[in-house]
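Visitor: I'd like a close look at one spot in this model. Could you walk me through it slowly?

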Amino acid sequence: MNEYALKYGTNPNQIPARIFMRDDSPLPLEILNGRPGYINFLDALNSWQLVKELRASLKLPSAASFKHVSPAGAAVGLPLTDEEKKIFFVDNNLDINASPLACAYARARGTDRLSSFGDWIALSDECDEITASFIKREVSDGIIAPSYTPKALEILKSKRKGSYAVVKIDPDYEPESTETRDIFGITFEQGRNNAPVIDPSKFDSPVTVSKNIPESARRDLMLALITLKYTQSNSVCVTKDGQTLGVGAGQQSRLHCVKLACDKADLRLLRGHPKILELEFRDDLGRPERDNAISSMLTGDFLSADEKRDFIASNGGASLGSDAFFPFPDSIERARLSGVKFVAQPGGSIRDDLVIKACDDYGMAMVMTGRRLFHH
């Protein structure tokens, strides 16, 4: 297939619309079910790049949940605890830990379940039956993966009354090193951003007094930085235990990015509070309605300010990545309230010394990557 005609572009009035290869070569993807749209493909191709890079860097099955060309969540395939299964709405009859890929998607979807409603899914590995069974229970627009088992494909094709979008991509496909795009009739050209997000040796030389960055934090910082590489800028990402806790995307202010990411991280952590886990819902209440109810409780006064603060403090050890430097130490001030202990950022601000001092004041370890990760 050399091109694929779309129903319309970004909006219904933007017609005609299509995807195609400029050199008239076959598209490196195949539509196995449904009719993906323009925005679906933007999400699909951005999310595929993210999980492919995570897989290559961290050597673990990876998944992402995308909405409007930015990740609502991303994660690698670590086993789930019983508590996490409850937080992520994993049905008791689903042996999710038998599939690291299913664990990765449950974690990615669990980052910000409100934002992931109607998401586009990307999987780094072949979609198996367990992963498809978990996906079937979630409200989603479509999925991209390198392959699907016959049973997984059968399950996915049954979603949305048979209209669920399923895309298969060639895992060996690599685009040209130069990319172009047209904006207002003017063509832009640039080198593709295929540089690594960080030189791993940077983890051995933090710029802060604290030099201790354990392997788990290195993994989480890599996850944060790779996620940011495919997130609309300005962007900040908070991670822990191989999964994103909060992604702040598309903000004009660095501090607002941090606040957004940390506020989401707080809500994600608070979903594990004993009072939330003890909630009982009516059987006829769907997963989205349960998510909305929990969100309302967490943003209201169901938990007191002291209960929220104490629970977040008891679950510290998070990592935070930023796609560009911190111009002021106020971002560090906000991050420490969400239990952030490890930071990665490019550096290069005239106030780097003040940012480093703020990290030192709170016992944080910070590395400067020297690599900006803007994505527009």
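Visitor: Leaving aside its neighbours within four places in sequence, which residues is Thr131 in contact with?

Guide: Keep in mind that this is a predicted model. Once the neighbours within four places in sequence are set aside, Thr131 is in contact with Ser99, Leu101, Ala102 and Leu123. With Ser99 there's a polar contact too: the two side chains are joined at 3.3 Å. Thr131 has a relative accessibility of 0%, so it counts as buried, the cut-off being under 20%.

Now zoom out a bit. Thr131 sits in helix 4, which covers residues 129-136. Helix 4 packs with helix 3 (residues 100-110) at an angle of about 25°, and the axes are 7 Å apart. Angles under 35 degrees count as roughly parallel, so that's what helix 3 is to helix 4. The crossing of these two helices is right-handed. On the helix 3 side, the contact is made by Leu101, Ala102, Tyr105 and Ala106, while helix 4 brings Ile130, Thr131, Phe134 and Ile135. Sorted by class, that contact of helix 3 with helix 4 has 7 nonpolar residues, 1 polar and no charged ones.

Note on methods:
Residues are numbered from 1 along each chain as its sequence is written. This is a predicted model: local features need pLDDT of at least 70, side-chain atom pairs count only at pLDDT 80 or more; totals for chains, interfaces and linings use all residues. Side-chain values use heavy atoms; hydrogens and water are left out. Helices (H or I, at least four residues) and strands (E, at least two) are DSSP runs, numbered from the N terminus. Buried means under 20% relative accessible area, exposed over 50%, partly exposed in between (1.4 Å probe, protein chains only). A polar contact is a pair of N or O atoms within 3.5 Å; within protein, one must be able to donate a hydrogen and the other to accept it, and residues adjacent in sequence count only if both atoms are side-chain atoms. Contact means heavy atoms within 4.5 Å. Axes are lines fitted to C-alpha atoms, for helices over the stretch in contact, and angles run from 0 to 180 degrees between N-to-C directions. Angles under 35 degrees count as roughly parallel, over 145 as roughly antiparallel, 65 to 115 as roughly perpendicular and the rest as oblique. A crossing is left-handed if the near helix is turned anticlockwise from the far one by less than a right angle, and right-handed if clockwise. Ala, Val, Leu, Ile, Met, Phe, Trp, Tyr, Cys and Pro count as nonpolar, Asp, Glu, Lys and Arg as charged, and the others, Gly among them, as polar.
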